[in-house]
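Good morning, and thank you for joining this meeting. Please look at the sequence and the structure first, and I shall then describe some of the features.

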Amino acid sequence: MRSHSAPQPNGQTEGQRSRAFGWLWSAYAVSTYGTWVAFGAFPFVAVAVLDSTAFAVAVMEAAGLAVAAVVAFPLGPWVERRAKRTVMIWMDLARFLAMASVPAAYLLGVLTYLQLVVVSVVSGTASIAFTAASGAYLKYLVSGDRLLLANGRFEGTSWVATAAGPPLGGALIALLGPVVTIVANALSYLVSAVGILCIRGGDVASPRDAADQGARKLDLLGGWRYIHRDRVLRRLFFNSILVGALIMATNPILAVLLLGEYHFSALQYGLAFGIPALGGFFGARLSNPLVTRYGRHRVMTISGWLRSLPLIGLVFVQPGIAGLVTVIVVEGLLITCMGIFNPIYATERLQRTPPDHVARVLSTWTVSSRILQAGFMVIWGILATFTGTIAAIGVAGVLLLATPLLLPNRTHFVAR
């Protein structure tokens, strides 16, 4: 058994790494709960306060994703060469200030659609940089054989927050008004920054040299080049960004369907997406035991196929309690499979990426995903305008059925 005081490859004892991971996990949990308490807050404010149409909501969500992704594109090399905890703290503070501006404008009576878009861009850009830094720091902090367990803990925390946050947010909106959850989200970023500030010990940053300075522009493409060279990463990349884009494309129009056409209350809307997230928590808890028993490739492949099936069920959503139950069942099945799949794929991605490429690969992954999501949101907003919300959701569900074909097969997959 390894001693808690034994030195580790990164220069920290196991006890120090454990405490550092605890602070990182706590900071993640706080900001994640804040994010999910505010789930759907911007679309809700856009619909309920600013009377925005389905297309306007889709454009708002898409613009935030696309512009943030473009702005964040050069951030991968920048993050890679800086201490990761410092980057995370500054990104949390940027998100806090951006989010806090919304309730301030609302109270002053000057809140506009344009401000919601700008805040989405700022917070989205900061989130991309934060994700790149935190992924690189996690790889530095946690040894390879424990990465799956660590990713499972983050995934489980995310799904518990997803389950608890939206219903709580809906209740808070009903009691205190439409922007209270945005206040909670802003404060969560501030608390997260304090938590990361409490981490003691080493950090990680790639060294700079003259060659790095001369090749800075080429470095922007380094993440894509590395992903392209690895067959497993390449197939996981295309599968994950396409699945995410198809699911995200339905979110704005589903919000309009439930809140605008079917007149769900904020609490019902929160329950529709909160209760199913419990499946994600249990899926994340099952991920590591399933891999131990059946192997990483088999579990990832089966859960990847199963997560492509449920979305088509949203075409059967109706007004009232029956519609609420339909959404809960469909989302529950989808999220349970995602809870199993996501920690495995996140671990495989980190283990296949060397430390001096992690920030660039994660930035590239997130930027590509968000650009595709933005494009799909606009396309599906237009599609919903001409065909109706149910038909547009159905098209996304049918296309999702084909995404498992992109998963790596056994000849591509090399266990590590």
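Predicted model: local features only at pLDDT ≥ 70, side-chain atom pairs only at ≥ 80, totals over all residues.

By class, the residues lining the second largest cavity are eight nonpolar, four polar and no charged; here Ala, Val, Leu, Ile, Met, Phe, Trp, Tyr, Cys and Pro count as nonpolar, Asp, Glu, Lys and Arg as charged, and the others, Gly among them, as polar. A cavity is a set of points, on a 1 Å grid over the protein atoms alone, where a 1.4 Å probe fits but cannot get out, and lining residues have an atom within 4 Å of a point.

Residues are numbered from 1 along each chain as its sequence is written, and side-chain values use heavy atoms, with hydrogens and water left out.

The second largest cavity has a volume of about 90 Å³, a volume being the space filled by probe spheres set on the points, which are joined across faces, edges and corners. Which helix supplies the largest share of this lining? It is α7, with four residues. Helices are DSSP runs (H or I, at least four residues), numbered from the N terminus. At least two lining residues come from each of α2 (41-48), α7 (147-176) and α13 (266-274). Among the lining residues are Phe39, Phe44, Pro166, Ile173 and Tyr269.

Let me turn to helix packing. The axes of α7 and α13 come within 7 Å and cross at roughly 180°; axes are lines fitted to C-alpha atoms, for helices over the stretch in contact, and angles run from 0 to 180 degrees between N-to-C directions. α7 is therefore roughly antiparallel to α13, a term for angles over 145 degrees, whereas 65 to 115 counts as roughly perpendicular. In this contact (heavy atoms within 4.5 Å), residues including Pro166, Gly170 and Ile173 of α7 meet residues including Ala266 and Gly270 of α13.

The axes of α11 (residues 222-229) and α12 (residues 231-261) come within 5 Å and cross at roughly 110°. α11 is therefore roughly perpendicular to α12. Trp224 and Tyr226 are among the contact residues of α11, and Leu233 and Phe237 are among those of α12. The residues of this contact divide into five nonpolar, one polar and three charged.

Methods: 1 Å grid on protein atoms, 1.4 Å probe; cavity = no way out; pocket = protein on both sides within 12 Å on 5 of 7 lines; lining within 4 Å. Parallel < 35°, antiparallel > 145°, perpendicular 65-115°, else oblique.
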